[in-house]
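Please open the model in your viewer and keep the selection tool at hand. The stops below cover salt bridges and a surface patch.

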Amino acid sequence: MGSATDNATFSKRTGQWLQYALFRCVEGVLNLLPLIVVWWLGRALGTVVYFLAGKYRKLALHNLRVAFGREKGEAERRALAREHFKSLFANIFCGLKLPLMKEEDVAKRIRSENMQHLRQAFEAGRPLLHPIMHASCWEVMTQIPSTFVQGHNPASIYQPLRNPWLNALVLRRREKLGYKLFDRTEGFNAPIKYVREMGMLGILVDQHAGDHGVWTPFFDRLASTTNIVALCALRTNAVILPMMVYDDGPARWRFVCDGPLQTGEAKPSIDGITMAINRAVERLIRQQPAAWFWVHNRWKTPKPNFLLANYKRGVLMPEGMETDSLQPFELLIRSPNWLGDACMAFPMVRAIKRGRPDLKITVLGPDKLEELWMSMPEVSRYIGKVGREGPFAVARRIKDTGVHFDAAVFCTNSTRSTLEVWLAGIPRRVGFRGSLRSKMLNQIIKEPKKGGPLEHHAHRYMRLAKGIGADITQPGLWDAGAPVPSADGTIRVGVCAGAEYGPAKRWPLERFAAVVNQISARHPQFRWELFGAPGEKEMGEKLSAMLQAPHENFVGKTRLTELIARLRACQLLLTNDTGTMHLAAALGIPTVSIFGSTCPIETGPLGDRHTVIQHKVPCSPCFERECPFGHYDCMTKVVPDEVAAAVLKTAGVDV
């Protein structure tokens, strides 16, 4: 075991030394060339890399679309990306050569602006903090301390390189120029103490800060932003001067010190300073967009929690900025295919929508469910699948929306539905493991262990919301309101006697008729409305002919929006285990539901206002469409008297 570990360590160290040796060789070659040649060589290589490095080209174009999509067309953004790659590699190559040059030779190629701000801070006896960015040839800032050090003691916070030889080389060169370097991994107490003693400290601020950052707008898109500068400023009374380097011609640069940061607050706060830094950085980037480091994922989607409800530092919005002005985080939710299952996903969608203020939800599902989903205020748009469209056709339909989706959540388990979204190129795909689709998911939500207690479908969907960071304990997720009493004292009851799934879920029609007739004979204030699917018209006519009570037959005659409106006018629904049952429950309408071959623990309506009637038999739940034995005991054991009593009790009428 020890020998294997020693071999692995030796191999790692050898590889690191070879990296270091290669780096020094490249430096040696560049040192032989004039700086202007190095600059042009870098631009030529950047042009080649733009076309060959598809991953980074795509990332740069994505970032440019986020930053400038509202003001620049695609052709202009592509031109910016090409120029960025040229500038990036020219400046990387020059950055390798600059440490080998004399400081006075480097200074000849740099034009500085607004350096008086540093002198004024020193004369006022105040230390300095410099938010700095990856832009142009940022190595310039480390090579010309004489240009901007005007009395303060310069220092910087650095992230150690993994290669110990390269790390030691960088540290030697920085310290030789008079910089004090602080290892980021060792905390911030030492840097803060140094700043208090008239130090000047550079802190990188254009990185994605992950779970430790504050979510605040950057180019109108929420970004995880470090608040370290703000913390240091409040603890040191330092002046904050953002700094930026720009290209200023071939192998020449412009070094700009921005004015003292203003927050607009009577008493500066951590939140106010952090937001002001983002505004200043954005303004500086806009002066020369191609110079900034666009191949870093500044607006990275966090994993696993891309919803922000549980981030301890929360979301900060500048005063006067409305959430509607934010660039949206676009989420695609793949709907279940059945009406009932879709209704059971409503609480999940509510929880997800509340997860971040910039969220915009699009639902993808069967064409027949569009009206259902668009009735939810949380849903912004719907993509309907028509008939048996293939995966490529569905992927095209998603792309044709013109929406750049950031993530997708699957309520379905099928490989096909995952393939459709994968082909559409949505980068984050979240769902349960499913059958063969796990390779196409890049965030898998754990399911309960097999053999454990049964879990309701709605709670299962809620696992998806929790898995991406939603707060599933907040009030109002499950409550869809209550039915509105009739103004004239009538009690309107919906009846759904069908079930598209199959006869195993259908209570006999004559028993539904017996309940309706029995109740109306004693309680004339009841009015009945019959509901059902388009394919159940004949069933509706048969049931209507059996009734001796005031009723209207809407079976197969309503669109989904009309069904929703009519259900909302009902005080309760008498039903089999159907999609209409779940729809009524989602609308807050009490139900009396008759179960046979299915399991109410997994798919019954949730809440105290609902009554489930089921007579267990040894073979239930079997989940079959038709009874294998032909006698449907699970349904026929339910008698009209107990159902009528349940309807009256739910309606608040004395039996």
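A salt bridge here is a side-chain nitrogen of Lys or Arg within 4 Å of a carboxyl oxygen of Asp or Glu. The model is predicted, and by this rule it has 27 salt bridges.

**Stop 1: Glu27 and Arg173.** Select both side chains and display the contact between them. They form a salt bridge with an N to O distance of 2.6 Å. Glu27 belongs to helix H1 (residues 2-31) and Arg173 to helix H9 (residues 164-176), so this pair ties together parts that are 146 residues apart in sequence. Are the two residues buried or exposed? Both Glu27 and Arg173 are buried, that is, under 20% relative accessible area.

**Stop 2: Arg70 and Asp220.** Arg70 sits in the loop between helix H3 (54-68) and helix H4 (74-97), while Asp220 sits in the loop between strand S6 (214-218) and strand S7 (221-225), so the bridge ties together parts that are 150 residues apart in sequence. Asp220, with 30%, is partly exposed.

**Stop 3: Glu330 and Arg381.** Next, select these two residues; their side chains make a salt bridge of 3.0 Å, N to O. Glu330 is in strand S11 (residues 329-334) and Arg381 in strand S13 (residues 379-385), and the pair links distant parts of the chain, 51 residues apart. Glu330 is buried, with a relative accessible area of 8%. Arg381 counts as partly exposed, at 22% relative accessibility.

**Stop 4: a network.** Which residues are joined by salt bridges that share partners? Select Arg111, Glu113, Asp248 and Arg254: such bridges join them into one network. As background, side chains of opposite charge can pair when their charged atoms come close.

**Stop 5: a nonpolar patch.** Leave the charged pairs and select Ile36, Val37 and Trp40. These residues form a nonpolar patch on the surface, and together they have about 260 Å² of accessible area. Center the view on Val37, which is found in helix H2 (residues 35-52). Why does Val37 count as partly exposed? Its relative accessible area is 37%, and partly exposed covers the range between the buried limit of 20% and the exposed limit of 50%.

Key:
Residues are numbered from 1 along each chain as its sequence is written. This is a predicted model: local features need pLDDT of at least 70, side-chain atom pairs count only at pLDDT 80 or more; totals for chains, interfaces and linings use all residues. Side-chain values use heavy atoms; hydrogens and water are left out. Patches are made of residues with over 30% relative accessible area and no salt bridge: like charges are joined within 9 Å, nonpolar side chains (Val, Leu, Ile, Met, Phe, Trp, Tyr) within 5 Å. Accessible areas come from the Shrake-Rupley method with a 1.4 Å probe; for residues, only the protein chains shown count as cover. Helices (H or I, at least four residues) and strands (E, at least two) are DSSP runs, numbered from the N terminus. Buried means under 20% relative accessible area, exposed over 50%, partly exposed in between (1.4 Å probe, protein chains only).
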